[in-house]
Amino acid sequence: QVQLVESGGGLVQPGGSLRLSCAASGSIFGRNAMGWYRQAPGKQRELVARITSGGNTNYADSVKGRFTISRDNTKNTVYLQMNSLKPEDTAVYYCNAHPSKSVWGQGTQVTVSS
């Protein structure tokens, strides 16, 4: 069964940190590059971080230096450590393969507000 389950979101003050987790089914995780995406209200979904099966990473300019993506290939899990959060980071965060598969999880809401 194809499955993506994101967790770890919440409400945090500006400057705070959160760690997101995503458990993926083997058919998605496998040897694929994995990505964290986000969608803010009224905006298109965007890729914020990507990691290959070998651990090479890429980041959107807006999160570079603040977010860190990692993966545990033994657990089919990908993580996103988010530090120095800003109000503009507020969005629903999703994980998926990169390029993405057609199935998406429910996402996890991240709200950065004082």
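This is a short chat about the predicted model shown above.

Reader: Ground rules first. What kind of model is this, and where does numbering start?
Author: Residues count from 1 along each chain as its sequence is written, and side-chain values use heavy atoms, with hydrogens and water left out. The model is predicted: local features need pLDDT of at least 70, side-chain atom pairs count only at pLDDT 80 or more, and totals for chains, interfaces and linings use all residues.

Reader: OK. How many helices and strands in the protein chain?
Author: One helix and 10 strands. These are DSSP runs numbered from the N terminus: helices are H or I with at least four residues, strands are E with at least two. The order along the sequence is β-β-β-α-β-β-β-β-β-β-β.

Reader: What's the radius of gyration?
Author: It is 13 Å for the protein chain, which agrees with the value near 13 Å for a compact globule of 114 residues. That radius is taken over C-alpha atoms, and the globule rule is 2.2 Å times the number of residues to the power 0.38. The C-alpha atoms fill a box of roughly 40 × 25 × 20 Å along the principal axes.

Reader: How much of the chain is buried?
Author: 41% of the 114 residues. Buried means under 20% relative accessible area, exposed over 50%, and partly exposed in between, with a 1.4 Å probe and protein chains only.

Reader: And contacts?
Author: Take those with a separation of 6 or more: 54% of them join residues 24 or more positions apart. A contact is heavy atoms within 4.5 Å.

Reader: Switch to strands. Why is β4 called largely enclosed?
Author: Because five of its six residues, 34-39, are buried.

Reader: Which strands does β4 pair with?
Author: β4 runs antiparallel to β5 (residues 46-51), with five bridges. β4 also pairs antiparallel with β9 (residues 91-97), over six bridges. Pairing needs at least two DSSP bridges between the strands.

Reader: Which residues face each other there?
Author: Tyr-37 has Leu-47 in β5 as its bridge partner. Gly-35 stands opposite Asn-96 in β9.

Reader: What's in the β4–β5 hairpin?
Author: Six residues lie between the strands, and Gly-42 there takes a positive phi near 75 degrees.

Reader: Now β10. Which side is covered?
Author: In β10 (residues 108-112), Thr-108, Val-110 and Val-112 form the covered face. Gln-109 and Thr-111 form the uncovered one. In a regular strand, side chains alternate between the two faces of the sheet.

Reader: What does β10 pair with?
Author: β2 (residues 10-12) joins β10 in parallel through three bridges, with Leu-11 partnered to Thr-111. β9 pairs with β10 antiparallel, also over three bridges. There, Ala-91 has Val-110 as its partner.

Reader: Back to the start of the chain. Where does Val-2 sit?
Author: Val-2 lies in the segment before β1 (4-7). At 42% relative accessibility, Val-2 is partly exposed.

Reader: What does Val-2 touch?
Author: Beyond neighbours within four places in sequence, Val-2 contacts Ser-25, Ser-27, Ile-28 and Val-103.

Reader: Ser-25, then. Buried or exposed?
Author: Buried, at 12% relative accessible area. Ser-25 is in the loop between β3 (18-24) and α1 (26-29). Neighbours within four places aside, its contacts are Gln-1, Val-2, Gln-3 and Asn-76.
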